[in-house]
Each structure stands twice: as C-alpha cells, then as structure tokens.
Amino acid sequence: MATRKDLANAIRALAMDAVQKANSGHPGMPMGMAEIAEVLWNYHLRHNPANPKWPDRDRFVLSNGHGSMLLYALLHLTGYALPMDEIRRFRQLHSMTPGHPEYGMAPGVETTTGPLGQGLANAVGMAIAEKLLAAEFNRPGHDIVDHRTYVFVGDGCLMEGISHEACSLAGTLGLGKLTAVYDDNGISIDGHVSGWFRDDTPKRFEAYGWHVLRNVDGHDVAAVDAAIIQAGRVADKPSLICCKTVIAKGSPNKAGSHEAHGAALGDQEVAATRENIGWKYPPFEIPQDIYAGWDARAKGAELEAGWNRKFAAYAKAFPQEAGEFTRRVNGELPKQWRTHTQDLLAKVNAKAESIATRKASQNAIENLAPVLPELVGGSADLTGSNLTLWSGSKAVSSDSGGNYIYYGVREFGMSAIMNGMTLHGGLIAYGGTFLTFSDYSRNALRMAALMKIRSLFVFTHDSIGLGEDGPTHQSVEHSASLRLIPNMNVWRPCDSVESAVAWIAAIERRDGPTSLLFSRQNLPFQARSAEQIALIGRGAYVLADVDRPRAVIIATGSEVALAIGAKKELEGQDIAVRVVSMPCTSVFDRQDAAYKNAVLPKGVKRVAVEAGVTDYWRKYVGLDGVVVGLDRFGESAPAGDLFKFFGFTVESVVKAVKGVL
C-alpha cells in the first residue's frame with residue numbers, strides 16, 4: 001500500500017520528468033508544494049473528476065501558474081480525463097498541458113494563470129461569486145451553494161501589485177470561504193528574494209483583515225492539514241496559510257536553489273533525485289497502488305450525488321428558485337430576453353434622446369438588469385462618472401450579498417476579479433472606469449480575451465471629449481489598442497440606440513469579453529429605420545446614403561455626428577457621400593464578404609473619422625484614403641474648444657472628403 005510520502009513523490013516524479021522531456025518548464029515549485037497539494041486534494045478539496053463543472057465543487061486556482069505540472073499531475077492522478085500521454089506532451093504543440101494552465105484546455109483547470117497575481121485575483125472573484133449566489137439562493141436547511149475557493153500563491157504573486165488590490169478588497173468583504181496557501185520558498189528566477197522582497201507578509205495580510213497562519217512547515221502533512229482545518233473554521237475572514245517550503249525538495253544538488261525554478265533539472269540530477277527520494281520507477285510510470293491512493297472518482301461521485309439529493313429537495317421546496325439557479329449556472333438567458341430587448345430598442349428609438357452615451361449606457365442597464373438578475377456591476381471609484389449604478393443596485397458588503405461592488409481605486413484588481421466571477425458561473429460581471437485607465441487593467445482584459453469569457457468592461461470618458469482634466473485622462477490611443485486584443489469586441493456607440501445594441505450584444509456574446517466605450521458629453525440622436533437598427537449588431541451599417549456615393553465616410557462614437565454634418569454640407573456642393581457608422585470593428589470584420597462589400601463598396605474613396613490615433617483605420621480606408629484623427633496627446637480645455645483646436649469639425653471632414661476625390 002502506498003504511503004503519503006509515495007503519493008507526494010508521484011507529483012515530484014511527474015513534474016521533473018515532464019519538464020525534463022520538454023527541456024522546458026519549472027520543476028521546483030511542484031516538487032516543493034507536493035505535500036501541501038496531497039493534503040488539500042486528498043483530504044479537503046470537494047471535487048468530482050468525472051464532472052469538472054459540478055456547480056458546488058470547491059474551486060482550486062494555481063496562481064503561481066509557472067508550476068503548472070503540479071496541477072497537471074493532480075488532475076491526472078486523481079482521475080480527470082488527462083491521460084499520461086498528455087503529461088508526456090507537456091509544453092508541446094496542441095497538447096492539453098501547455099506551459100501555463102489554460103482555461104478550456106484540460107478538464108479541471110478553472111482559470112488561465114501565468115501572469116503572476118492574476119490567479120489570486122481570480123480566486124477572490126470566485127469567492128465573491130460563491131458569496132453572492134449563496135445569499136441569493138440558499139434557504140434555511142437548503143444550502144445548495146456552499147463551497148470554498150483555494151488558491152496557491154508564490155512570492156511572485158505577492159510582489160505583483162495586483163495582489164494588494166485584490167487581497168485588500170477580499171479582506172474588506174470578509175470572504176471567509178477563501179483560503180490562500182503561500183509557498184514561501186524564498187526563491188524567484190533571479191535567486192534568493194531577500195535581496196528584493198522583505199515584506200512581512202503575515203502582517204501585511206493581517207492589516208487587510210485576513211486570518212493568517214504563520215510558519216507552517218509545508219512538508220509536514222499533519223501541520224498542513226491542521227492549518228487547512230483551522231482556516232476552514234474562520235467564517236468571517238479569508239485565510240492565508242504561510243507555508244515554509246524548499247523549492248525542488250528531493251533534488252540533492254538543486255533543492256533550495258533558483259536553478260530549479262525555471263529550467264529542467266538535467267538527466268543526471270533527475271536520476272539523483274529518483275535515488276534520493278526512493279522513487280524506483282521509470283519516467284511517466286505510476287504504480288497502481290499509488291494511483292489507488294490518489295483516485296478521487298468514487299469519493300467525488302459520492303459528494304456530487306449527495307449534493308444532487310440536496311438540490312432535489314431544494315427544487316421540491318423552492319421550484320422557482322431551483323429553475324432560476326439551473327438557468328444561471330447553465331449560462332442561459334431568460335426566456336423573455338428576446339422580446340424584452342426588442343421592446344427596449346423600440347422604446348429607446350422612439351424616445352430619440354440626445355444624451356451622453358454613458359447616460360445611455362446607464363439607461364440600458366436600468367432596463368436590462370430587472371430581467372437579468374445575474375448581472376453584477378461595479379466601478380473602480382467612479383460610480384457617479386461611469387454611471388454603472390441603477391435603481392436596483394444593492395452594495396455588496398462583508399455581511400450581505402448584493403449586485404454592486406464598490407471596488408475602490410483598483411482597476412486591475414477589479415478586472416481580474418470580474419474574470420474570476422465570470423469563470424465561477426451563475427453571474428455576468430461588469431465594471432467601469434475611465435477609458436484611459438484601461439491601461440491599468442490591460443493584462444486582465446487580455447486574459448479575458450484569451451480565455452474567451454464574457455466579462456463586460458465599461459469605459460467612459462472615451463476621448464478628448466473628456467475636456468478639462470487634460471491629456472493624462474484623455475484617451476487617444478486606447479480605443480485602437482483595445483481593438484488590437486484578439487477576441488476582444490470593442491463597441492464605441494454614437495447615440496442611445498447604438499448604446500443599447502452594444503449592451504445587448506455584449507450580454508448575448510458567449511465566446512469572449514466586450515469593452516464598451518462611452519462618451520462624457522452629450523451626442524445627438526441619429527434617426528434610423530427598423531432595418532438599420534437591425535443591422536447595428538453587425539458592427540457597421542449604412543447610416544445615411546445616396547444612390548451613387550462618390551465617397552464613404554466611416555465614423556464611430558461622437559464623430560458620427562461630424563460625418564452626418566459633412567454629408568449635408570457636401571450635398572449642397574453636389575458631392576454625394578455615404579455615411580457608415582462602425583461601432584464595432586471586430587464584429588464587422590467577422591461578417592461575410594458580401595455584407596462588407598455592400599457597406600464599403602470597392603472602388604469608392606473612403607474617409608475615416610475618430611478622435612484618436614489614425615493607424616488602425618488604414619485597414620478600412622487604404623493608402624489612398626484619409627483619416628481624420630489625432631496622433632498626439634490632448635490638451636486641458638473644454639471639450640468644444642479641443643474638438644475645434646484639433647480639427648474635429650464638419651469643415652475638416654468636408655475638406656478630407658474633397659481631398660480624396
């Protein structure tokens with residue numbers, strides 16, 4: 001019968017063998033956290049390898065994702081559908097075991113990690129989601145949402161600033177079902193971290209309001225077990241378990257050294273480690289008794305069956321709530337969604353308001369949220385400016401659930417936490433800040449796009465139209481740079497109708513995130529037919545036309561009004577032009593060739609107008625077209641003065657059109 005030492009050594013063997021075969025990877029962390037992982041996964045983690053999407057499973061996040069072989073070894077050994085052939089193919093093309101864990105590649109991987117600290121923030125989001133869903137759906141005697149979130153973190157995660165943003169908020173919200181395990185091995189790629197990282201981490205987390213367990217021997221299974229039990233007893237605070245470990249434990253010559261952090265041990269050291277830990281088996285061979293010691297399938301099936309019985313009793317007592325819970329965890333929209341959104345668009349169109357699109361966004365939320373209770377909003381300390389609050393918003397606090405999170409000035413943390421909430425399931429998360437501060441969120445936006453998840457990022461004050469706050473706050477390059485992120489839909493609507501369409505499209509999208517860009521200043525309403533409204537969702541459409549256009553003006557957001565004004569001016573000079581509103585370039589780019597050619601006919605000269613950098617628009621206007629844009633930073637002045645100063649006027653657009661003809 002396998003001992004617990006044998007079970008931990010199986011992780012060490014798989015980690016060093018897979019990294020050695022790939023000649024690439026990080027063997028040290030998996031070898032150092034082997035005992036911690038064995039205790040958590042065999043004695044505490046509630047999961048079912050046969051159903052990685054069981055709604056009430058515990059969530060496990062490997063924030064120090066460079067040690068991905070720890071997670072892959074755990075998934076393989078406990079019985080997930082991750083065969084040994086995929087362990088052998090670690091870091092190879094199209095394998096299920098990429099260099100860092102990627103969501104959707106292997107069953108049981110809850111999030112993509114690698115950029116350090118983001119997994120920790122994702123875990124905070126998952127714990128928030130559990131808290132909110134439990135508050136909404138649980139009833140006395142019927143706790144159908146009752147699980148924990150565990151996250152492994154390393155020194156690098158805690159050095160990254162996002163750890164402060166996320167963990168400070170986690171303490172404020174009292175996330176008692178969140179447990180972080182700190183792999184305190186004192187090593188990073190450059191060597192011993194004492195030269196650049198001397199924080200008193202326990203004190204830091206105690207200051208956040210966390211429950212902290214200090215100086216746990218990460219290689220003493222009894223000590224680790226006791227710490228996890230103690231953490232589980234604290235219901236009103238998240239817990240940090242500080243485990244002292246030796247990186248690459250078991251390696252006779254590289255244990256405790258940065259040489260084991262980011263490189264294969266080498267054939268000689270792998271052989272020496274085998275002998276040192278008493279591992280007698282060849283590479284990628286696991287004895288049956290060790291598999292038996294790890295196998296979680298029977299226990300997992302029993303755990304899920306118990307929950308299924310609990311949910312059946314819940315459904316009998318609360319059928320309406322059970323149906324809503326099932327819809328939400330399945331990611332389905334309400335049955336009345338289509339009718340409701342069509343009615344909303346008709347109402348917005350009939351109202352014909354000339355308002356700021358940030359206000360149009362708030363109006364859309366106000367109308368959509370009542371039929372979409374899974375919508376959870378927030379803002380990074382700019383609620384009154386982003387207009388992300390609606391009349392039914394209820395603030396989340398340490399002692400209550402709700403549907404609105406005051407994130408504080410934490411743009412990066414907010415965005416990564418939103419990703420965690422989205423990954424958890426049952427919620428649709430949106431959060432707001434100024435567009436220029438999307439820079440602070442950038443890596444979390446990229447991760448949402450990489451994972452193909454539905455996080456909704458609301459960015460207001462979308463151009464020099466911000467005005468007096470000046471170039472530090474005025475977005476110039478941000479719209480274009482967000483559009484460059486693969487799989488990120490970026491909507492920049494021109495009025496209330498396009499704003500509503502943008503929100504509807506973002507919510508209906510299931511395969512990626514959306515950035516919604518809204519103006520501070522009022523924008524004129526644009527009259528449209530029902531047919532035109534139906535085409536907005538295709539990313540671009542003909543807003544104003546003539547029989548035989550000599551030029552096409554393409555515009556987005558606040559600049560659409562300039563295009564319409566230029567068209568009228570040019571008509572008086574017998575120059576026929578078409579105006580195309582293009583609120584979402586990426587959606588338009590995915591349309592069929594026939595539609596794209598119908599909107600932007602070949603051989604017709606083109607002018608693009610947007611209050612931002614010009615290069616992006618060359619793909620639409622070509623080298624012989626003109627872009628009316630801004631390839632410099634702005635100035636501090638009222639918005640009207642800035643638009644005139646920088647040439648965003650009807651006269652400038654007219655001149656550009658004449659210039660291409």
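Which side chain makes a polar contact with the side chain of Q573? I looked up K658, and the two side chains meet at 2.5 Å. I take a polar contact as a pair of N or O atoms within 3.5 Å; within protein, one must be able to donate a hydrogen and the other to accept it, and residues adjacent in sequence count only if both atoms are side-chain atoms.

Ground rules for these entries. This is a predicted model, where local features need pLDDT of at least 70, side-chain atom pairs count only at pLDDT 80 or more, and totals for chains, interfaces and linings use all residues. Residues are numbered from 1 along each chain as its sequence is written, and side-chain values use heavy atoms, with hydrogens and water left out.

Entry: Q573. I placed Q573 in the loop between α23 (560–571) and β16 (577–581). Helices (H or I, at least four residues) and strands (E, at least two) are DSSP runs, numbered from the N terminus. Q573 is partly exposed because its relative accessible area is 33%. The classes are buried under 20%, exposed over 50%, and partly exposed in between (1.4 Å probe, protein chains only). Not counting residues up to four places away in sequence, Q573 touches V654 and K658. Contact here means heavy atoms within 4.5 Å.

Entry: L435. I found L435 in the loop between β10 (428–434) and α19 (438–451). L435 counts as buried because its relative accessibility is 0%. Beyond four places in sequence, L435 touches F459, T460, H461, D462, S475, H478, S479, L482 and L517. I also checked H461: it is 26 residues from L435 in sequence and 6.1 Å away in space, C-alpha to C-alpha.

Entry: E35. E35 sits in helix α3 (residues 34–43). E35 counts as buried because its relative accessibility is 11%. Setting aside neighbours within four places in sequence, I listed A8, R12, G218, H219 and V221 as its contacts.

Entry: nonpolar cores. A nonpolar core is a set of buried Ala, Val, Leu, Ile, Met, Phe, Trp, Tyr and Cys residues joined through side-chain atoms within 4.5 Å. The largest has 84 residues, and W503, L600 and F648 touch the most other members. Helix α21 (residues 496–508) gives this core its largest share, 8 residues. A second, separate core has 72 residues, including L158, C167, L169 and A322. I then looked at W503, which touches S361, A364, I365, L368, Y430, L456, V458, L516 and F518, not counting residues up to four places away in sequence.

Entry: pockets. On a 1 Å grid over the protein atoms alone, a pocket is an open set of points where a 1.4 Å probe fits, with protein on both sides within 12 Å along at least five of seven lines; lining residues have an atom within 4 Å of a point. The largest pocket has a volume of about 600 Å³. I counted 30 lining residues, with V329, T422, L423, G425 and G426 nearest the centre. α14 (319–329) and α18 (411–424) each supply at least two of the lining residues.

The second largest pocket holds about 330 Å³. Its lining has 15 residues, and R338, L345, V501, I533 and A534 lie nearest the centre. α15 (337–351), α21 and α22 (530–536) each give two or more lining residues. The largest share, 6 residues, comes from α15. Volume is the space filled by probe spheres set on the grid points, which are joined across faces, edges and corners.
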